[in-house]
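Morning, everyone. Let me put the structure up, and then I'll walk through it.

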There are 2 protein chains.
Amino acid sequence: MTVQQGQRLNQDELTRIDAYWRALNYLSAGQIYLLDNPLLAEPLRPEHIKPRLLGHWGTTPGLNFVLAHLNRAILAHDLDMMYVLGPGHGGPAAFAHAWLEGSYTEAYPGVTRDADGMRQLFRQFSFPGGVPSHVSPDVPGSIHEGGELGYSLAHAFGAAFDNPDLIVACVVGDGEAETGPLAASWHANKFLDPVHDGAVLPILHLNGYKIANPTVLARIPEEELDALFHGYGYAPRYVTESDPARAHQAMARAVDSCVAEIRRIQTEARTGNGRPRWPMIVLRTPKGWTGPAEVDGKPVEGTWRSHQVPLANVRENPAHLRQLEEWLRSYRPEELFDADGRPQPAVRALVPARRMSANPHANGGLLRRPLRLPDYRRYAVPVAKPGASRAAPTQVLGAMLRDVVRLNARYRNFRVFGPDETESNRLGAVYEATGKAWQEATLPTDEHLARDGRVMEILSEHLCEGWLEGYLLTGRHGVFSCYEAFIHIVDSMVNQHSKWLKVSRRLAWRRPISSLNLLLTSHVWRQDHNGFSHQDPGFIDHVVNKWPEVVRVYLPPDTNTLLSVADHCLRSTDLINVIVAGKNPSFDWLDVEQAELHCARGIGIWPWAGTPEDQTEPDVVLACAGDVPTLEVLAAADILRQHLPDLRLRVVNVVDLMRLRPAGEHPHGLADREFDALFTTDKPVVFAYHGYP
Amino acid sequence: MTVQQGQRLNQDELTRIDAYWRALNYLSAGQIYLLDNPLLAEPLRPEHIKPRLLGHWGTTPGLNFVLAHLNRAILAHDLDMMYVLGPGHGGPAAFAHAWLEGSYTEAYPGVTRDADGMRQLFRQFSFPGGVPSHVSPDVPGSIHEGGELGYSLAHAFGAAFDNPDLIVACVVGDGEAETGPLAASWHANKFLDPVHDGAVLPILHLNGYKIANPTVLARIPEEELDALFHGYGYAPRYVTESDPARAHQAMARAVDSCVAEIRRIQTEARTGNGRPRWPMIVLRTPKGWTGPAEVDGKPVEGTWRSHQVPLANVRENPAHLRQLEEWLRSYRPEELFDADGRPQPAVRALVPARRMSANPHANGGLLRRPLRLPDYRRYAVPVAKPGASRAAPTQVLGAMLRDVVRLNARYRNFRVFGPDETESNRLGAVYEATGKAWQEATLPTDEHLARDGRVMEILSEHLCEGWLEGYLLTGRHGVFSCYEAFIHIVDSMVNQHSKWLKVSRRLAWRRPISSLNLLLTSHVWRQDHNGFSHQDPGFIDHVVNKWPEVVRVYLPPDTNTLLSVADHCLRSTDLINVIVAGKNPSFDWLDVEQAELHCARGIGIWPWAGTPEDQTEPDVVLACAGDVPTLEVLAAADILRQHLPDLRLRVVNVVDLMRLRPAGEHPHGLADREFDALFTTDKPVVFAYHGYP
């Protein structure tokens, strides 16, 4: 679809939006370069320049352009809107936007919205002790870390689920668009219910280059590009301009057209039916737009050379310094800020009441409602004595999760995610309470598909993880169940989320969000029928390297301990909980009271499994963590008791792996004294562990 | 493009291809079910059935259909063709195909192409001590492990690079197509040079379901599907049939049309120019095709219920046993095999001389030519004394890699892969010898783009890794350079490759392939300007968990040691070499002779850094591994020597991390005696290490 010709903005509106964009651009370039003299009150001198210039200019003016236009649309249409910036290396844009909207000062009162604050804003950027050059949890309004590329659209959809009035504008960079996770994410529209979910407005930003190369989507023929997004199920609007005035008109038309179409789709779906073809924008602008056109005789604006710092030797090279000053003055800061550095009324006019930088969805803890949980003891299996009965742990958990869905149905704030493994992982009881989200055609043989289903299944661990992260970051709850071996697919995503949690926990204004609950089943010890490909318990090692404050690993040995662990994890906040549990019928060891006590302690002696009379002074300690290792240790203990009746055996089981770390290293760590009380100081310990040594 | 109507196969050809397909289907179902009575010489009895039924039928008949048709095309057009099977959980298809072609017996003489061998083939499948249910290195003709989904198309393109006469037929499952890596892989056509590379023929197999759900691509409107692949740059041919005879005609037409189009594109490109739009096939057939239509009153063929074992209780349930026998007999085995179980001439007629199961590209070691390497000493930086000069390690390595490209240019068997980071990682000297592969439009401002470039840059670590794996598995060489933090994106791919190497090293008929060389730079210690997102040294931990025989980790402390390590890695086979090295100018410690000796030892005392007179009896050992930790330890040693001149210091540097493992655990491990000689038995050791503790 081509955006209609004709004007959209009158001269006033055009002037205003251009001023806002120039203000963002000025504040962005200032962050990259200036240590002092923020308003250019005097001619630039080398000592005004940062000694080390580090930041990414290339994508920034395009992001600023989008942010300005989204603000205009919020004002014009009274929208509940938040953003996700895929090219998050353009950190200056997000910091500038939050500062200009006043939200930055609300979060960091020291950084005032005046000349002093502007100096602070500039200085702190990419500076020791300051803020990173990428979008990070430090930015009010963002739920998306800008370091590793590929997850913006998945986060955006996660944020839109169950928020029917929200529009999540998601800028996708053309570099990021080459990644696998992003390429798969376009299909997330097949899982977005126009009735109960909000909308995602993807804005594919083709600025043509990644670090040093052209991008694929910017160079394929336009008809292929159009076919591609048509094929992905979108109706693209194109904005292809380098002249700012024309670009403003075209972008305003495109955004208005998208907003109208989103409303039309939602109204139609909410009053009847119809398969949506969601709108999106393809924005083609020069990389490093409005920056230096040429430097040292080489083209910079519109090429990959503008990716980072277009003028690199400003302190040493007077010509570069002069060029920087011309560039900065080209934004006419004197029109944008008053003498005290406060944004002029014309600029402030584009700050909507519903600021994206203060949208509560982007600080999800503000909206988070604790999950209503059933009493997990209700699902407990009776255990007359250890090892006398068997149950399938995840199957029993499935019944509990079903009731979690039911108890929270009216709040629509809990979902279950899995790469088409929910049934295989024996959590199928949830289908008694809800369906699997699905917007496409259905056949009579299909089961459990529903437009508003709360189980999200796509054969992409990346999307499951990204959706769940977006859902949690906007204040909701969820569980991602996955085969243990294949969770490595999202190693790097879990890394990034753990870093997000680590940083955001230090920020008082960011409220706690629900924990990321990863249920790993179909684990390494039960893969007889699959190839060698399905075996890898290394994810535990991967997460335990992360910051101890945010990581928990649980290895419940049986069904009742799994229930207790799950209950605990679903209540927790700001953590990554890894639960490793089997799905096949296996022996029950603890009744529910014992399980509760054992989980509360995290580690404990199982007197009934050892030689009871000798618990104070064992000859050997047999320890175990994980369901299959526990079974093996108990079998070994049984054999030893029969064949070596004089041997004094102690069996120790570990549910909470972090109990094994020293108390100084992890909040769950055991004190040395406690450790010695369990494992003795001088007796041999045989440890059967689920994972790698 | 729609395939033209009309017949393609005459009655004889149709009979022959159907017989071949039936033979593959019979052999596939046999593998899943039968312990004995392979030819159904007597009525099926429960004891003929395996006690545990484990395997995936659903995708298998479709794979068999494709394999039969590819064989026909090889015969008809004398093609050099190999396959990659994305839905590799359909292992029975690949085993059946290799057995029927005689290649299985060549690799495993005990499994003869007769009734005895057929019994063996059936028994071993998914059986303790046998072969896995997924396609694995055990299968002659495969380069692709069938466990974790998503990498088939990347492997196929990797195999096609620099093999101008090869066609790599790649079946992409509709489940796999939902993964991120696969969604991005379609764009690999932008990097395939029709002049110097071979062709990839993607066959998207829409059988409609993954494990328990419909698939996205099978359910979107057909015009969207067509637009999507048009947008990806392909010209799809559709085969949508469930009637076998009509399906054979349609598939034969589609394959012939693709082969003709591939030849047209290649001829045109090789004699002139023209941007190719490569053909592909979209094959829509029922899941579990030709299997039981209904079981216990529920539809199975054509639904997700056929994903694994359609009839689950054959031993216990006489009706199921009867239904299985009917199903197996529906393939009319008596027409396909003689009384001794040997394939009848009509079946053997579809085995081409150029068997895919014996294609040497699929056992790349057969074709591997050792890389011609320059004398790395030529690139060494002069080191008058330790710490007196500085060099940028990867920049110097870049010059060496440039000459590796040049020395092997005529063999076209070496490529450099990176997610748009080759220049950023300071390997830019390679552009003096070759360009960056790129088939799309170019602009005057572009640099180093070339249709036949040997540097592969796409912003997808998944594609870089997958391409390189495919390239190595078909007998070539390469290096993948990546930011250290982001290599976690391919954790699970490196896992799978390490498993492939582990298994294939046990198979005498699989010849050694070049090692997977991962150069991790822009590492954790030099990320001042980036956000917290860029920091994670955990990949080392991830790989050291793998099988010790296949994993090496090198932490060269300076430029000359990096050269020596790189030279060693480029010569090695069947390993995963992880090299962590800096890109920024840093101190040189060792001249090239010292570097060579140090690297040969992998670990050693640096006498000049400690207190030389006291090397035999130090008070403390300062050890280091990694460039920045080495710098820090040397600085610490310097301070200590000044302030505590009486302290006897020893400095130990580790290049080869595996030297630190016990000799019994890793082939590079130090014997206890050697370890004690370096670290003493009783003195404190301070270890500065690059990664996590």
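Predicted model: local features only at pLDDT ≥ 70, side-chain atom pairs only at ≥ 80, totals over all residues.

Residues are numbered from 1 along each chain as its sequence is written, chains are lettered from A and ligands numbered from 1 in the order in which they are written, and side-chain values use heavy atoms, with hydrogens and water left out.

Domains. Chain A is assigned domain 1 (11-357), domain 2 (366-593) and domain 3 (603-689); the bounds come from an automatic or database domain assignment. Between the C-alpha centres of domain 1 and domain 3 of chain A there are 56 Å.

Now a sheet in chain A. It is open and mixed, with 4 strands in the order 18-20-19-21. Strands are DSSP runs of E, at least two residues, and helices are runs of H or I, at least four, both numbered from the N terminus. Pairing takes at least two DSSP bridges between two strands. Strand 18 (603-605) and strand 21 (685-689) of chain A each have a single partner strand, so one side of each has no neighbour in the sheet. Neighbouring strands are turned by 20° on average, direction ignored.

Look at the parallel pair. Strand 19 (residues 620-625) and strand 20 (residues 649-654) of chain A share 6 bridges. Helix 20 (residues 627-643) of chain A lies across strands 19, 20 and 21, at about 155° to strand 19 of chain A. Angles run from 0 to 180 degrees between N-to-C directions, with axes fitted to C-alpha atoms, for helices over the stretch in contact.

Over to chain B. There, 4 strands also give an open, mixed sheet, ordered 18-20-19-21. Strand 19 (residues 620-625) and strand 20 (residues 649-654) of chain B run parallel, joined by 5 bridges. Cys624(B) sits opposite Asn653(B).

Last, the helix pair. How do helix 1 and helix 5 of chain B cross? The axes of helix 1 (residues 11-33) and helix 5 (residues 115-124) of chain B come within 7 Å, at roughly 55°. That makes helix 1 of chain B oblique to helix 5 of chain B; oblique is what remains after under 35 degrees (roughly parallel), over 145 (roughly antiparallel) and 65 to 115 (roughly perpendicular). In contact terms, heavy atoms within 4.5 Å, Tyr26(B), Leu27(B), Gly30(B) and Gln31(B) meet Met118(B), Leu121(B) and Phe122(B).
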